[in-house]
Amino acid sequence: MLTATKGGKINISEEKDTKSVAEKFSKLIKQGDFILLSGNLGVGKTTFVKYVINFFQKSNKQKITEVTSPTFTVMNEYQIKKILIKHYDLYRIKNKKELNNLGIQENLKDQITLVEWPEIIKKIKIKKGINLIFEYEENYTKRYLSIITENKKILNEFK
C-alpha cells in the first residue's frame, strides 16, 4: 500500500512500494517526458527505473529484461514497440563538454528520458521536466520519494 507522508513524501522503504509507485508513475508518463532522478548512492533510483522500464515492457507484451545502472556505459537504451526509453547515469560526467558529447538534449520529444545524477544538467531548460528526489531518513532505515513537476495529472495521482 502506498503511503504518503507529510510534505508530499512517498514512503518507498520496501521494494514492493518502490515497484508500486514506479508502475503508477509509468502510467502517467509519455514520450517527451524528461525525468531527473536525484539522491544518494543506493537510495533506489536504478531500482525505480527498472520497474518503470519493466512496466512498459510488460504493458507492451515484451520480454522483461534486466535493467542495470549505466554507470560505466553512461546510457542504456530500450526500444519497447514504438516507445524509446533512454536511461542515463551522469555520475561519472565531470563537465559540460562531456555532457554535450552525449547528445542528451537531442530528439527529446521522441523518447522518454530518465537521468540519474542530473546535477550537472540542472541549468538546461526542459519543458516537461519531472524531478524525482529520493532520500534516506531515520538513520538510513527509511527511504522516501518526492515528485516535483508542473504536470497536474501526476501531482493529483500522488497527493
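Helices (H or I, at least four residues) and strands (E, at least two) are DSSP runs, numbered from the N terminus. The model is a predicted one, in which local features need pLDDT of at least 70 and side-chain atom pairs count only at pLDDT 80 or more, while totals for chains, interfaces and linings use all residues. Residues are numbered from 1 along each chain as its sequence is written, and side-chain values use heavy atoms, with hydrogens and water left out.

Staying on α2, colour its buried residues, which are K45, F48, V49, Y51, V52, I53, N54, F55, F56 and Q57; buried means under 20% relative accessible area, exposed over 50%, and partly exposed in between, with a 1.4 Å probe and protein chains only.

Two packed helices are described by the angle between their axes and the distance between the axes. For α1 and α2 the angle is about 50° and the axes are 8 Å apart, the axes being lines fitted to C-alpha atoms, for helices over the stretch in contact, with angles running from 0 to 180 degrees between N-to-C directions. That angle makes α1 oblique to α2, since angles under 35 degrees count as roughly parallel, over 145 as roughly antiparallel, 65 to 115 as roughly perpendicular and the rest as oblique. To see the contact (heavy atoms within 4.5 Å), show E15, T18, K19, V21, A22, E23, F25 and S26 of α1 together with T47, F48, K50, Y51, V52, F55 and F56 of α2.

Now widen the view to the largest nonpolar core, which has 30 residues, and in which F25, I29, I35, F48, I85, L132 and L145 have the most contacts. Such a core is a set of buried Ala, Val, Leu, Ile, Met, Phe, Trp, Tyr and Cys residues joined through side-chain atoms within 4.5 Å. Two or more residues each come from α1 (15-26), β3 (34-38), α2 (45-59), β4 (75-80), β5 (83-89), β6 (112-116), β7 (129-137) and β8 (142-149), and the largest share, six residues, comes from α2.

Centre on F25, which touches I35, F48, V52, I130, L132, I154 and F158, not counting residues up to four places away in sequence.

Move to L145 in strand β8, which is buried, with a relative accessible area of 0%. Leaving aside neighbours within four places in sequence, L145 is in contact with G8, K9, I10, I12, V21, F48, L132, I133 and F134.

Finish in the loop between α2 and β4, where K61 and V74 can be selected in turn. Most residues other than glycine have a negative phi. K61, however, has a positive phi, near 55°, and V74 has a positive phi too, near 75°. K61 counts as exposed at 77% relative accessibility, whereas V74 counts as buried at 11%. Around V74, again leaving aside neighbours within four places in sequence, show the contacts H87, Y88, D89, L90, R92, I93 and L102. The C-alpha atoms of V74 and E116, 42 residues apart along the chain, are separated by 9.7 Å.
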